[in-house]
Amino acid sequence: MIPPLKPGARLLEVSGPRIETEHLILRPWCASDIAPNAAMLSDPGTARFIAADGKPVTTEIAGWRNAAVISGHWALHGFGMFAVEEKSSGSYIGRVGPWCPPGWPGFEVGWGIAREFRGKGYAVEAASASIDWVFDSFEIDEIMHCIESTNTPSQGVARSLGARKEREIDLFGKPADAWITSRAAWTRRN
């Protein structure tokens, strides 16, 4: 538990871009995102593809660590995966956005949407907004999407984004496919 602050004391305030789409808000992380992110990762089908070890999150501290790594990417690099909120309900629905920690095979825009919010087009909507933001913010010609070959739903998202499967990669001991969204193709598409 975090103790109350003394009068006049200040803590670090994390700020960052806030992107609104038709149905979603993409924003920096806050403490209230930890529990729903951990709940999302407690689902074995979701954790299989987006948890670092591929295993469901089963403890409060593991959920906190996962959120701390993602929000820490913002603090260390000035960008990272956005917490994604459904406008109509205000619910945390997942995380989507740029990701490039040390040793990662490329500059990625990735996505993870909680099971109960899938099938609404939210992954494509949030990833599209993230890709726009990345190409507007960085001098980069390609964005990678690391997708395991058995993750057909994410492959569908990549196809909807106009990404192309380019090559197979080793993602820390797990085989995956590198899907690529190029700036040139994205600009022509939009």
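This is a predicted model: local features need pLDDT of at least 70, side-chain atom pairs count only at pLDDT 80 or more; totals for chains, interfaces and linings use all residues.

Colleague: Why is His 73 called buried?

Modeller: Its relative accessible area is 4%. The cut-off for buried is under 20%. So His 73, at 4%, counts as buried.

Colleague: Where is His 73, and what does it touch?

Modeller: His 73 sits in helix H3. Apart from neighbours within four places in sequence, its contacts are Gly 78, Phe 79, Gly 80, Trp 99, Cys 100 and Pro 101.

Colleague: What makes Ala 68 partly exposed?

Modeller: Ala 68 is also placed in helix H3. Its relative accessible area is 28%. Buried needs under 20%, and exposed needs over 50%. A value of 28% falls in between, so Ala 68 is partly exposed.

Colleague: And why is Lys 55 called exposed?

Modeller: Lys 55 has a relative accessible area of 54%. The cut-off is over 50%, so Lys 55 is exposed. This residue lies in the loop between H2 and H3. Lys 55 and Ala 68 are 13 residues apart in sequence, and their C-alpha atoms are 18 Å apart in space.

Colleague: Why is Gln 155 called buried?

Modeller: Gln 155 has a relative accessible area of 10%. That is under 20%, so the label is buried. Gln 155 belongs to helix H5. Leaving out residues up to four places away in sequence, Gln 155 touches Ile 147, Glu 148, Ser 149, Thr 150, Asp 177 and Trp 179.

Colleague: Back to H3. How do you know that its span agrees with its number of residues?

Modeller: H3 has 18 residues. The expected span takes 1.5 Å times one less than that number. The result is 26 Å, and the end C-alpha atoms are 26 Å apart, so the two agree.

Colleague: Where does H3 bend?

Modeller: The bend is at Ser 71, by about 25°. After the helix comes Gly 78, with a positive phi near 85°.

Colleague: Which residues of H3 are buried, and what do they pack against?

Modeller: Gly 63, Asn 66, Ala 67, Ile 70, His 73 and Trp 74 are buried. The buried residues of H3 pack against helix H1 (34–41), strand E3 (82–86) and E4. An α-helix has 3.6 residues a turn, so residues three or four places apart point the same way.

Colleague: What is the volume of the second largest pocket, and which residues line it closest to the centre?

Modeller: The second largest pocket has a volume of about 400 Å³. Of its 14 lining residues, Trp 29, Cys 30, Ala 31, Ile 34 and Ser 71 are closest to the centre. Ser 71 is also where H3 bends. H3 gives the largest share of this lining, 6 residues.

Colleague: How does the lining of the second largest pocket divide by class, and what makes a residue such as Cys nonpolar?

Modeller: There are 13 nonpolar, 1 polar and no charged residues.

How values were computed. Residues are numbered from 1 along each chain as its sequence is written. Side-chain values use heavy atoms; hydrogens and water are left out. On a 1 Å grid over the protein atoms alone, a cavity is a set of points where a 1.4 Å probe fits but cannot get out, and a pocket is an open set with protein on both sides within 12 Å along at least five of seven lines; lining residues have an atom within 4 Å of a point. Grid points are joined across faces, edges and corners, and a volume is the space filled by probe spheres set on the points. Helices (H or I, at least four residues) and strands (E, at least two) are DSSP runs, numbered from the N terminus. Ala, Val, Leu, Ile, Met, Phe, Trp, Tyr, Cys and Pro count as nonpolar, Asp, Glu, Lys and Arg as charged, and the others, Gly among them, as polar. The bend at a residue is the angle between axes fitted to the seven residues ending there and the seven starting there. Buried means under 20% relative accessible area, exposed over 50%, partly exposed in between (1.4 Å probe, protein chains only). Contact means heavy atoms within 4.5 Å.
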